[in-house]
Amino acid sequence: MIYNVTINDKVYEVEVEKGKANLLKTTAVVAAPAAAPAAPAAVPAAAPAPAAAAAPAGPISGTPVSAPLPGTILKINVTAGQAVKEGDLLVVLEAMKMENEIYAPCAGTVGQILTSKGATVATGDVLVTIS
């Protein structure tokens, strides 16, 4: 199967063959006029993405503790309302088959826990707030 894929205004013609991808040729693309909508490129169906972490219900208050990289939450070691000291372990995040421990950047009380065990998170997603 041959697909045309556009990346950064360059069109790549890609041949896909039972788990292999071969770049056939590259062509430059001139930006289309704003009035004419571009037709979507043919893209093979992708597997469904894993469920993402739930978005916070309201505004985030306190010091946000964010995910340093994308991954899956393995453990949450704190509960809302729990007092924590700077350096206490808050969350364990699995990324690239490694466990990454996320520690409290400051002392305070856990305000909100905005993720759950097993959730998939992206870089920068707020996991916990400390007030």
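Residues are numbered from 1 along each chain as its sequence is written, and side-chain values use heavy atoms, leaving out hydrogens and water. Because the model is predicted, local features need pLDDT of at least 70 and side-chain atom pairs count only at pLDDT 80 or more, while totals for chains, interfaces and linings use all residues.

The predictor's confidence in each residue, pLDDT, runs from 0 to 100. Its mean for the protein is 78, with 66% of the residues at 70 or more. Over residues 50-56 pLDDT stays under 50, as it does over residues 29-33. Where pLDDT is low, the predicted coordinates should not be read in detail.

The largest nonpolar core has 18 residues. Such a core is a set of buried Ala, Val, Leu, Ile, Met, Phe, Trp, Tyr and Cys residues joined through side-chain atoms within 4.5 Å; buried means under 20% relative accessible area, with a 1.4 Å probe and protein chains only. Among the residues with the most contacts inside this core are Ile73, Val91 and Leu127. Two or more residues come from each of strands E7 (89-95) and E11 (126-130), strands being DSSP runs of at least two residues, numbered from the N terminus. E7 gives the most, with four residues. Beyond four places in sequence, the contacts of Val91 (heavy atoms within 4.5 Å) include Ile73, Leu127 and Val128.

Four of the five residues of E11 are buried, so this strand is largely enclosed by the rest of the structure. Strand E4 (residues 63-66) runs antiparallel to E11, joined by four bridges, and Thr63 stands opposite Ile130. Strand E9 (residues 108-113) is also antiparallel to E11, through three bridges; there, Ile113 has Val128 as its bridge partner. Strands pair if DSSP finds at least two bridges between them.

Note on methods
Buried < 20%, exposed > 50% of the residue type's maximum accessible area, 1.4 Å probe, protein only.
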